[in-house]
Amino acid sequence: MMYGDITLAKICGTIAADEKLHERAYTKIIEKLFEIDPNATMTSMAEMMRKRINMPVRVLFDGKDHNLAVHLNMVTQKTGSYTVKDYGDVVDFFIKRWHVEEITRLSDKGRQAQEYICGFSASIRKLEERVQHKSTSGETSKMLHFSWIFNKEVKV
């Protein structure tokens with residue numbers, strides 16, 4: 001017996017396959033960059049993390065809700081489809097995969113960047129605790145209308 005929408009399953013499968021290709025490509029590129037120039041790679045990575053990478057969803061607009069990305073983020077967090085914990089897990093995965101903590105022969109600037117990168121996960125975990133506390137205390141629960149799902153009201 002099948003459950004769910006076949007078309008939606010195909011779309012999700014295509015997106016997942018595309019994301020996996022991105023992960024492989026970025027992983028190999030960063031591995032090579034660490035091999036070629038660990039200082040520049042480390043400082044560039046820290047700079048990127050400080051500025052926070054903006055995902056395309058940040059500019060999502062349905063013509064009505066100017067806070068759609070924030071509201072969608074609340075839904076993904078609440079439903080567990082993509083959470084702060086998931087983000088922290090991704091950061092941890094790449095730090096381990098690229099052996100960031102083990103890279104040596106760095107300049108002072110490179111070592112400072114390395115410390116920042118290796119400590120970034122801890123800051124994500126603190127954010128995760130705050131988000132978890134808010135959701136269990138009921139602080140964030142409210143009803144939101146989503147125009148792109150026929151203005152359906154969703155509790156987040």
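**Notes on the predicted model**

1. Starting with a charged pair: Lys-85 and Asp-89 make a salt bridge, with their closest N and O atoms 2.9 Å apart. Both sit in helix 4 (residues 84-97), four residues apart, or about one turn of the helix. Lys-85 is partly exposed at 40% relative accessible area, and Asp-89 is also partly exposed, at 31%.

2. That pair doesn't stand alone. Lys-85, Asp-89, Asp-92, Arg-125 and Glu-128 are joined in a network of salt bridges. Within it, the side chains of Arg-125 and Glu-128 meet at 3.1 Å, N to O. These two are three residues apart in helix 5 (residues 108-137), so about one helical turn separates them. Glu-128 has a relative accessible area of 22%, which makes it partly exposed. The salt bridge count comes to nine.

3. Before going further, a word on confidence, as this is a predicted model. The protein averages a pLDDT of 86, and 92% of the residues score at least 70. Helix 2 has the highest confidence, with a mean of 94, while strand 2 (residues 152-155) has the lowest, at 72.

4. After the helix comes Arg-52, with a positive phi near 65°.

5. Glu-47 is partly exposed at 39% relative accessibility, whereas Lys-51 is exposed at 61%.

6. Have a look at the nonpolar surface patch made by Met-48, Ile-53, Met-55, Val-57 and Leu-60, which together have about 460 Å² of accessible area. Met-55 sits in the loop between helix 2 (38-51) and helix 3 (68-79). Its relative accessibility is 52%, so Met-55 counts as exposed.

7. His-66 is in the loop between helix 2 and helix 3 as well, and is exposed at 67% relative accessibility. From His-66 to Val-91 is 25 residues in sequence and 29 Å in space, C-alpha to C-alpha.

8. Last, Thr-76 in helix 3. This residue is buried, with a relative accessible area of 18%, and its side chain reaches the backbone oxygen of Tyr-82 at 3.3 Å.

Notes:
Residues numbered from 1 in each chain as written. Predicted model: local features only at pLDDT ≥ 70, side-chain atom pairs only at ≥ 80, totals over all residues. Heavy atoms only, no water. Patch = residues over 30% accessible without salt bridge, like charges linked within 9 Å, V, L, I, M, F, W, Y side chains within 5 Å. Areas by Shrake-Rupley, 256 points an atom, 1.4 Å probe, with all protein chains shown as cover. Salt bridge = Lys/Arg side-chain N within 4 Å of Asp/Glu carboxyl O. Buried < 20%, exposed > 50% of the residue type's maximum accessible area, 1.4 Å probe, protein only. pLDDT = per-residue confidence, 0-100. Polar contact = N/O pair within 3.5 Å; in protein donor to acceptor, adjacent residues only side chain to side chain.
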